[in-house]
Amino acid sequence: MKVVGARLPRYDGVGHVTGRTTYVDDVRMPGMLHAAALRSPHHHARITGLDVSAAEAMTGVHAVITHADVPLLVYGHLSGAGIPGDEPLLAKDHVRYRGQPVALVAADTVEAARAACAAIEVGYEELPALFDVRLAFEDDAPVVNDTFGNWYNQYEGNLDVRQIRKGDTEAAFDAADLVVSGVYRTQSQEQAPLETQVCVAVPEPDGRLTVHTCTQAMYFSLGVVCSHLQMPMSEIKMVGGTVGGGFGGKVDTASDSLTALAAQKSGRPVKWRWTREEEMLASGNRGPWHMEIIDAVSRDGWILGRKMLTIHDAGAYGRFSVYGLTKHSFHHTGAYSIPNLHFDGYVVFTNRIPTTAMRGYGVTGLSTAIELHAERVARELGMDPYEFRLKNANRVNDTSPNRIAYEDPSTVEVLQSLASATGAELSDELRTMTRDQRTGDMLPEHLTAQVGSGGGH
Amino acid sequence: MDLTVNSVARTVQSPPLASLLTVLREELDITSPKAGCESGSCGACTVLIDGEPRRSCLTAVCAVDGAEVTTVEGLGTPEDLSRVQQAFIHHYAAQCGFCTDGLVVAATAYVSAGGSADTAAISDALAGHYCRCTGYVKIIEAVAAVARGDEFDIAATASSANNTYVTIAGAGS
């Protein structure tokens, strides 16, 4: 234990305070070009024509990249996990969200690149757009995603829904003294790192590429770039690790593949730095979640069972949303022990920016919903919210929705600390409660079946 | 146009309406001012112009003809850190570091003008700077420490210049 509790200097601290740290935008290469993207002005449209000849003929323009230049156009961020790819690196037949890249230009200056983007002719036939996940299931809803339809449909067992079934939920609701329901909706949120998406790609004399990346996930991004470019990993060298903030927003490989293609096509080093407007408009953000919770509750304050419906807004393409929803489903009881569960979750596509990770992917909005709901249940019971939470708090060997026995749940201590910090009064029984396995009054009939199984993992 | 940048006389060839940020980064290769938003919102491009903190992204270079411009490179070096730089390291006020250079510049102007250790006054002075990592608390602690005249344990903190972790004697077992 030489590190815990010690004052260790940041290894990068001196560089950070003296302007010496080299971020991707600080990388300079001789003859480096600058890139700019042409992005969709529409939320949803069919592309009827794409002509880049005028842009290619402009002075100072060295490469124009369209869908035809991408060796593997459609790839999915979870393709490696067996989830089919659905997102083209550059739009081909359709644009499905405003800001979706259609072409990338590499030119002597960023101004020349932007001027060339403006000279690209794209024909669009606008289509009705879908923004509200609740309307995605209607028969006449616009179809957003041509791989999956309006919601992801390839879970295990060919299901189109992520399900959790545990215990006997119907019996729990039959036994309930009170049924409390609530609908909770969280908004989307941009991670807003101060460093926008940025990449510098350098073609090497032997045909290899060096890619200076701002990614939060180096080897993951290496795989994505190699897939798009259909190059072996031995031929692409990724240089990274210095990230000007990410917060999940740099898990998606946003700029590396296209910059690499532009470097390859132009034969010159290329830098592509997104503007702040592009960062806000088109980089993946935290998605909205629509959550409906119905709890079966006993008069003395036990949650006997929970039914939950979640609809996650993935935006136009899947990226990591199936992973996010799965994690969400595993956590849908939050810090509380509920033995009888019926969970249905959908990843729904809308004509919005594809959504992605941000600090507690799939769980942050869920925790908000669970805690608001706990407060609502306690109020309807007329019970002290601390007492309600502590009774139901996860204890050692209680099991999670995905049937993992908790080894070290901290809910009890967290609630006691919170009460202490806010001056809330707890009874002696609640103040001295521990995380230890349930016994006595804290082991009611409905929890006996799932307790004491001892390490169900 | 002629500028003095970090005590060195420079003649600038960029167009007169080029932003000072672009001139510093692209013509003079001084990369500590960052292009976080290029619209005057984030503060990452802050430099001192004749001692006053200013947003270089909103400053046309012709407007600073003849002025003295100081970036964080001009405040101290890894071998000779300024007190504000020492404080930012000591108090862990730099995390990803992208906002840090602008904040160090602004904090330097604040303490140079005799700013106090009062947290509200420091918050006010640094209000034009976004930091997405720290939550600001450590930044304010660092600036307050400088204003108070604290000593910083640079032997422990600056020995990281060789990019290795150090083990603090007697910390744990």
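Me: Which residues gather in a patch of negative charge on the surface?

Reply: This is a predicted model. In it, the negative patch on the surface is formed by Asp384(A), Glu387(A), Glu429(A) and Asp441(A).

Me: Where is Asp441(A) placed?

Reply: Asp441(A) sits in the chain A loop that runs between helix H12 (428-431) and helix H13 (445-448).

Me: And is Asp441(A) buried or exposed?

Reply: Exposed: the relative accessible area of Asp441(A) is 64%, and the cut-off for exposed is over 50%.

Me: Changing topic. How many disulfides are there over all chains?

Reply: A search of the whole structure gives 0 disulfides.

Me: What about Cys57(B), how far away is the nearest cysteine sulfur?

Reply: The sulfur of Cys45(B) is the nearest one, 3.8 Å away. A disulfide needs the two sulfur atoms within 2.5 Å, so Cys57(B) is in no disulfide.

Me: Is Cys57(B) buried or exposed?

Reply: Cys57(B) is buried, at a relative accessible area of 13%.

Me: On to the fold of chain B. How many helices and strands are there?

Reply: Chain B has 6 helices and 5 strands.

Me: What pattern do they follow along the sequence?

Reply: For chain B the order is β-β-α-β-β-β-α-α-α-α-α.

Me: And what percentage of chain B is buried residues?

Reply: Of the 173 residues in chain B, 51% are buried.

Me: Backbone next. What is phi of Ser7(B)?

Reply: Phi is near 75 degrees, a positive value, and Ser7(B) is a residue other than glycine.

Me: What is phi of Arg403(A)?

Reply: About 65 degrees, so again positive in a residue that is not a glycine.

Me: Which loop does Arg403(A) lie in?

Reply: The chain A loop between helix H10 (385-392) and helix H11 (411-422). Arg403(A) is partly exposed there, at a relative accessible area of 45%.

Definitions and conventions
Residues are numbered from 1 along each chain as its sequence is written. Chains are lettered from A and ligands numbered from 1 in the order in which they are written. This is a predicted model: local features need pLDDT of at least 70, side-chain atom pairs count only at pLDDT 80 or more; totals for chains, interfaces and linings use all residues. Side-chain values use heavy atoms; hydrogens and water are left out. Patches are made of residues with over 30% relative accessible area and no salt bridge: like charges are joined within 9 Å, nonpolar side chains (Val, Leu, Ile, Met, Phe, Trp, Tyr) within 5 Å. Accessible areas come from the Shrake-Rupley method with a 1.4 Å probe; for residues, only the protein chains shown count as cover. A salt bridge is a side-chain nitrogen of Lys or Arg within 4 Å of a carboxyl oxygen of Asp or Glu. Lys and Arg count as positive and Asp and Glu as negative; His and the chain ends are not counted. The place of a charge is taken as NZ of Lys, CZ of Arg, CG of Asp or CD of Glu. Helices (H or I, at least four residues) and strands (E, at least two) are DSSP runs, numbered from the N terminus. Buried means under 20% relative accessible area, exposed over 50%, partly exposed in between (1.4 Å probe, protein chains only).
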